[in-house]
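Look at the sequence and the model together. We will go from the domains to the ligand, then to a sheet, and end at a single loop residue.

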Amino acid sequence: MQLEQAFQDPQLCRSLLDRLNRALDGRSMRFMEVCGTHTVAIFQSGLRSLLPDTVAHLSGPGCPVCVTHDAEVAAFLDLAGRDNVIIATFGDLLRVPGPGGRSLKHAQAQGARVEIVYSPLDALTLAANNPGDIVVFLGIGFETTAPTVAATLLTARQRKLENFCVLSLHKLVPPALRTLLDDSQCAVEAFLLPGHVSTILGLEPYGFLAKDYHVPGVVGGFQPADILLALCMMAEQIRDNAPAVVNAYPRAVGDAGNPRARALLEQFFMPADALWRGIGSIPQSGLTLRPEYEDMNAMVRLDLTLPDVPPLPGCRCGDVLKGRMAPPDCPLFGKKCTPATPVGPCMVSTEGSCAAYFKYSER
Ligand code: SF4
């Protein structure tokens, strides 16, 4: 805790702000914070009001709830309606609206068996206590959370729990960044890369940012000084026309990431095409269970398909997640869509950029 507090030091932050201003020297910079935790940290710390006016921060696709596609919500609502199925999920998925605005919370109110768990391992306890039912854990999240799900699958095998499976809706960050950059309308000049995901990935999977797109990428931590240091490094790379992928969070992220976690991930999962809300299908940007674990793959075991569903009417989450629109520019923001009455998932999750703007910015 004391170590983290050192990265909140006002003097340190002031000197980093000076360094940032020197690097910018009056020029503008549009950076994207990929991760929802960064979006919230920038608001919570008050950094947004301290940054020079020429620095625009765009929120990216790094909030797992926000990028869960309407068709994926439809699939888990389908499961929730089945007999002998218990859904185990993290609480923040409960209110994510799917087709017709329906969510797991509605399904739960109508009698579906939906249990909130705090760890995927809790779902194994549910399975052990309900041998006549199939417990389906809803696996959402990025490279950070997927290894814990892999560890849970391993434990289920070791305990011979045959009534446990996973609906793997995990997403991978690097393919999404490539898709953003392939869009001719993309205005991102540099990426603040996610600290948590990078603890697993390390730096190498982001190398294409600088190599193929000439865009800097800096892995940053979540304290104000971490974020400012990352911004300084981005601005200096832009100034010097020397884009690179570098690590500004070495106290948590090793350049090689976590090979053990990646090995566990690769034991159970393999890349697959995945649907991202507002973005669509991105090749090889998701994780599915390997064929040898089909009995624990809810898609196969419960014969699930992802239906074609129309997007939520009026919701501009897709434009927000691609950095094309700031949440307050959505016509529904703060009117029809609020944290109490969310129209889209970006207003549901505490890490969603619409929810962050609603909570912290002046309206
Ligand atoms: Fe969607 Fe609401 Fe955000 Fe608009 S304000 S983009 S409706 S979540």
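Two residues count as in contact if their C-beta atoms, placed from the backbone, lie within 7 Å. The model is predicted.

Start with the division of the chain. Domain 1 covers 1–326 and domain 2 covers 327–358. Their C-alpha centres lie 18 Å apart. By the contact cut-off, 23 residues of domain 1 are in contact with 19 residues of domain 2. Which helices supply at least two residues each to the domain 1 side? They are α3 (36–44), α5 (64–67) and α16 (317–321). The most comes from α3, which gives 5 residues to this side. By class, the domain 1 side that touches domain 2 has 13 nonpolar, 6 polar and 4 charged residues.

Next, the ligand. There are 15 residues around the ligand. Five come nearest: C315, C330, C337, G344 and C354. Domain 1 (1–326) and domain 2 (327–358) each provide at least three of its residues. Sorted by class, the shell holds 12 nonpolar, 2 polar and 1 charged residues.

Now move to a sheet. Its 4 strands run in the order β4-β3-β5-β6, the sheet is open, and the pairing is parallel. The edge strands are β4 (114–116) and β6 (164–168), and each of them pairs on one side only. On average, neighbouring strands of this sheet are turned by 30 degrees against each other, direction ignored. Helix α8 (residues 120–129) packs on the sheet. This helix touches β3, β4, β5 and β6. The direction of α8 makes about 170 degrees with that of β5.

Stay with β3 for a moment. Strand β3 (residues 85–89) is joined to β5 (residues 134–139) by 4 bridges, and the two run parallel. Within this pair, V85 stands opposite I134. Further along, I87 has V136 of β5 as its bridge partner. In a regular strand, side chains alternate between the two faces of the sheet. What about the pairing of β3 with β4? These two strands pair in the parallel sense over 3 bridges. Here T89 has I116 of β4 as its bridge partner.

Is β3 largely enclosed or open to the outside? A residue counts as buried if 20 or more other C-beta atoms lie within 10 Å of its own. By that count, 4 of the 5 residues of β3 are buried, so the strand is largely enclosed by the rest of the structure.

Finish at a loop. E294 lies between β11 (280–289) and α15 (298–301). Is E294 buried or partly exposed? It has 13 other C-beta atoms within 10 Å. Leaving aside residues up to four places away in sequence, E294 touches L289 and V300. Compare E294 with K322. The two are 28 residues apart in sequence, and their C-alpha atoms are 33 Å apart in space.

Note on methods
Residues numbered from 1 in each chain as written. Predicted model: local features only at pLDDT ≥ 70, side-chain atom pairs only at ≥ 80, totals over all residues. Pairing = 2+ DSSP bridges. Axes fitted to C-alpha atoms, helices over the stretch in contact; angles between N-to-C directions. Near = placed C-beta within 6 Å. Nonpolar A, V, L, I, M, F, W, Y, C, P; charged D, E, K, R; others polar. Domains from an automatic or database assignment. Buried ≥ 20, exposed ≤ 12 C-beta atoms within 10 Å, placed from the backbone.
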